[in-house]
Amino acid sequence: MSGDATAILGHLDSVSAIRAKVAREPVLAVRLDGVKSFQHARFAGTYRDLLSDPTYTGAARFFLEELYGPHDFTARDAQFARIVPALVRLFPGEVVVTVRELSELHALAERLDLEMAHALVAETGLDGRRYRAAWRQVGQASHRAQQISLMLDIGGALSRFTRNRWLRHSLRMMRGPARAAGLGALQQFLEAGFDTFAALASPALFLETIAVREHKIADVLFDPEETLRLPAEFDTLDFVFDA
């Protein structure tokens with residue numbers, strides 16, 4: 001089995017183990033759902049301007065739902081795990097690398113979310129103050145930075161793919177074989193990413209906006225004295241950090 005296939009399966013196994021643990025602890029499951037829902041709302045608030053801008057709404061919605069959504073991807077992950085060897089064999093190498101990064105992001109996000117949920121178990125409800133305290137308790141600034149980096153890498157790869165006519169043509173030719181191999185969900189994700197970034201006039205500007213805002217928000221959340229504040233253009237995000 002190739003290194004990419006081994007890495008993808010390892011990340012999916014990590015996610016599966018987290019789900020099994022959460023399934024045995026109903027209270028923890030509720031906390032985890034709360035973390036995911038809060039973060040989804042945070043992202044929607046952070047990029048409210050892009051979500052409402054026809055120029056960027058498609059890309060922002062793609063990030064919100066596909067890379068930052070609170071959805072249950074159990075069925076999709078089980079599908080991936082069954083067909084990883086076929087995925088590596090059938091899809092172009094550049095696409096396989098992006099899928100590997102997607103699986104890594106997925107596993108990392110699930111682990112960090114679980115640790116946030118553990119930090120919140122003694123709390124009732126979830127608001128900005130409790131979220132911020134849990135974030136600092138979990139720490140792991142390097143892993144938070146890695147999470148942002150992977151998200152941007154995936155977006156950057158999808159942007160590059162749109163400029164590669166051969167790759168775009170190859171992906172379209174994969175529709176039939178992908179469905180036959182049980183890769184329909186992955187095919188849909190990749191084509192949606194292609195279409196989304198192909199419609200952007202400036203993918204680099206969009207990704208730079210995400211990079212700047214996500215790193216700034218991480219800095220604010222990690223500030224132990226709570227003295228850092230978001231810049232004026234982030235005023236719409238105040239609800240995230242209210243006490």
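I looked up Glu 25 and found that this residue counts as partly exposed at 31% relative accessibility; partly exposed lies between buried (under 20% relative accessible area) and exposed (over 50%), taken with a 1.4 Å probe on protein chains only. I noted that the model is predicted, with local features needing pLDDT of at least 70 and side-chain atom pairs counting only at pLDDT 80 or more, while totals for chains, interfaces and linings use all residues. Residues are numbered from 1 along each chain as its sequence is written, and side-chain values use heavy atoms, with hydrogens and water left out.

I then searched for the partner of Glu 25, which is Lys 21 in a salt bridge with the closest N and O atoms 3.0 Å apart. A salt bridge here is a side-chain nitrogen of Lys or Arg within 4 Å of a carboxyl oxygen of Asp or Glu. Lys 21 has a relative accessible area of 26% and is partly exposed.

I turned next to Glu 214, whose side chain meets that of Arg 42 in a salt bridge of 2.8 Å, N to O. The pair links distant parts of the chain, 172 residues apart: Glu 214 lies in helix H12 (residues 203–222) and Arg 42 in helix H2 (residues 26–46). Helices are DSSP runs (H or I, at least four residues), numbered from the N terminus. I recorded both Glu 214 and Arg 42 as buried.

I also examined Glu 115, which forms a salt bridge with Arg 111 at 3.0 Å between the closest N and O atoms. These two are separated by about one helical turn, because they stand four residues apart in helix H6 (residues 93–120).

I listed eight salt bridges for the structure.
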